[in-house]
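The structure is shown first, and the description follows.

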Amino acid sequence: MKTCCLVLPGLFSQNPALLSLLAIMMLSEHERSRNIKNSIHSIRSNAACCVHIIVDNTHIPSSMASAYFQDSTLLWKPTHPSFTAGDRLRQFVNRKHGLHLGDYQALHKYSVGSYTFWLDLWEFLGIISSVPPTKKIIEKGASPEVPIWFPEARLNYAENLLHRKDDAVAITAGGETGIVTHYTYRQLRELVRQMASAMLRHGLQKGDRVAGILNNTITPVVIALAAASIGAIFTTTSTDMGTHGILNRFQQVEPKFLFADTEVIYAGRVVNLVSKLTEVFQRLRSHGLEKAILLPSIATGKDIMIPHCSSLSTFLTMDDGRELVFEQLPFSHPLFILFSSGTSGPSKCLVHSAGGVLLQSKKELRLHFGVEPDDIFFHYTATAWMVWNVNLSCLAIGARWLLYDGSPFHPDMKTLLQFCDEQGATLIGISPRFLGEIRGQGINPLEVGRFEALRTVSSTGSVLTSTMFAWTQKAFGEHIHVTSACGGTDICALFVTGHPGLAVYAGETQCKSLGMDIRVFNEQGINIEDTGVAGEMVVARPHPSLPLFLWGDKTGEKYRKTYYDTYPGIWRQGDFIVINPVTKGIRVLGRSDGVLNPSGVRFGAAEIYSILEDFSAVISDAVCVGQRRPQDADERVLLFLTMRAGHALDDSLVARIKNAIRAGLSARHVPAYVFEVADIPYTPTGKRIETAVKDIVCGLDKPSGTVVNPESLKLYHKYRDLPPNVPRTKM
């Protein structure tokens with residue numbers, strides 16, 4: 001006889017009949033068909049409102065499920081859910097098909113049950129095309145896992161983003177310099193026209209690659225849209241990436257044109273890139289590079305030249321005044337090449353389609369984040385992060401996009417918040433790390449600005465813990481929609497996301513994204529999403545933003561091995577998640593390859609980070625990894641901490657941390673060792689690199705070109721030689 005445990009709102013604890021009904025509803029269809037409900041021997045509630053369902057021969061672990069949701073408190077409810085764009089889509093689908101979908105869950109079920117949903121979405125979002133789609137939504141592709149979408153439609157991505165031609169502000173560009181520049185839709189269109197004209201005169205053709213080493217200014221937007229208007233493929237890296245990382249990516253895709261910033265500002269420092277660019281250009285000339293175009297210094301505005309390169313101003317003199325023409329292309333025509341992190345070898349080059357990116361990203365911004373025409377949209381990002389590519393589609397909605405170039409922490413934590421407030425941002429997207437630092441420094445956002453237009457605060461890039469959910473809600477105001485999302489460079493879209501028409505519970509991402517058939521699989525490939533037990537996040541059905549292919553992967557073998565090898569025919573993303581059976585909210589617990597597994601108990605590092613939020617006054621940052629070397633019989637957990645100024649890790653603090661983890665989670669979650677370190681490795685997009693630390697402490701040496709602070713990796717080499725027992729807390 002086995003048990004399962006669900007955490008429910010308090011009202012359930014006073015209603016045994018309701019508890020019984022819910023328990024029966026929670027059983028799978030297969031179990032109900034066996035009338036297993038008659039095998040329920042007891043249902044009881046305890047003070048924590050945990051429901052224990054005892055079912056013959058049905059094993060659903062209870063302690064872990066209980067721990068995941070014990071702090072899932074209600075934080076926010078929409079006042080007018082039927083007024084949201086997401087609900088208007090539900091009404092649209094009902095009218096069009098004579099259905100009676102009653103709520104979001106019913107709409108989502110429809111969206112993953114019929115490919116017609118994607119045609120409904122096309123119509124609802126008003127996708128612009130020269131040849132509209134027919135009822136033939138998909139056809140067989142070169143790979144059985146990746147169909148061809150809307151094979152008869154013709155459209156252009158850039159045309160959809162530049163449909164406005166008026167004098168409303170399209171983009172506001174700011175940054176560390178303090179200079180703020182506004183560009184209207186009319187001006188943006190003219191900048192794109194000039195760039196596209198010059199590109200064509202210089203010989204750019206459909207299918208050519210255009211690359212950038214660029215900061216987050218107006219220029220990469222113009223380059224990307226100009227390339228898309230022609231049918232070329234755009235790809236970029238951040239300016240802070242090292243030479244090895246840049247070449248690792250661009251030598252694979254062989255760009256014809258490469259645009260690069262020559263001098264940038266970050267964290268108050270002027271960084272000259274000439275030495276790095278000189279080597280990159282020289283090496284890429286044997287890999288198809290025909291033109292290297294240099295942008296003027298961001299610090300001075302003056303041109304900085306490198307031999308055999310062209311300045312941007314000289315490049316643009318080839319503009320002959322021709323009209324902007326949008327090449328009409330298939331839905332599946334390549335648009336962007338994004339790169340995997342490269343933390344465990346050469347980066348994978350993910351080729352994304354114009355139609356897939358447009359449809360998915362416009363869906364996310366319009367329906368899941370509630371972005372409306374003339375809204376003022378901000379999400380801090382670098383150009384190398386898929387968030388930048390998704391953000392572009394706010395132009396397709398007709399919103400104003402706020403760009404910020406520079407460090408979000410310089411000169412202080414208030415500067416970025418002030419920028420958003422002064423520009424009247426309706427949505428602020430920021431990382432959990434930034435929010436945690438604000439909290440740690442005792443900054444009250446509402447004392448920094450009034451944020452009168454703000455409706456939504458969105459967080460992505462890493463896990464937003466329950467504590468930080470609750471703090472963010474209180475800090476920005478009880479009327480603000482605080483949401484968290486999880487997506488992937490792999491699909492240039494979101495898997496689980498927010499929705500302004502649904503309630504928000506602390507620590508939970510609100511819902512599965514429409515059209516995304518998200519499930520939770522155990523190691524045997526069984527869907528366990530209704531059990532409240534954690535497992536692998538998979539996508540059981542194709543969607544339009546599956547990558548077309550991996551560049552250079554001629555047979556498709558690498559693609560299949562990466563995503564379809566574990567569960568044949570089903571996409572495995574590599575994230576460890578759990579779904580609340582009551583609220584349907586999702587908790588992302590971390591990367592599957594970073595899942596901790598001491599004594600066979602699997603859990604995500606995010607659970608540890610959640611407990612550490614209570615120590616934010618003394619702890620600045622943390623990384624938690626498992627260590628299992630060839631000589632180790634079992635895995636053990638190592639927790640590394642960076643401390644705030646004036647604080648140090650001592651035995652007393654270690655004991656308090658371990659006790660808090662034991663009380664908040666379980667004894668099995670307690671790290672074997674806790675160490676203080678000077679730095680933690682991060683990607684250019686602000687994600688801590690747990691896998692790199694894990695590889696090092698396990699004795700593996702894998703190259704990585706994506707660490708913005710590569711010197712930090714050296715700090716962890718000494719921990720690979722730890723003896724079975726280490727009496728010290730500091731080494």
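A salt bridge is counted here where a side-chain nitrogen of Lys or Arg lies within 4 Å of a carboxyl oxygen of Asp or Glu. The model is a predicted one, in which local features need pLDDT of at least 70 and side-chain atom pairs count only at pLDDT 80 or more, while totals for chains, interfaces and linings use all residues. Residues are numbered from 1 along each chain as its sequence is written, and side-chain values use heavy atoms, with hydrogens and water left out.

The structure contains 29 salt bridges, and among them are the pairs listed in the table.

| Pair | N to O distance |
|---|---|
| Arg322 and Asp320 | 2.8 Å |
| Glu364 and Lys363 | 3.4 Å |
| Glu711 and Lys714 | 3.1 Å |

The partners can also be described by relative accessible area (buried is under 20%, exposed is over 50%, and partly exposed is in between, with a 1.4 Å probe and protein chains only). In the salt bridge between Arg322 and Asp320, Arg322 is partly exposed at 32% relative accessibility, and Asp320 is likewise partly exposed, at 39%. Glu364, which pairs with Lys363, is buried because its relative accessibility is 1%, and Lys363 is buried with a relative accessible area of 0%. For the bridge that joins Glu711 to Lys714, Glu711 counts as exposed at 54% relative accessibility, and Lys714 counts as exposed at 55%.

Salt bridges also link Arg88, Arg366 and Glu372 in a network.
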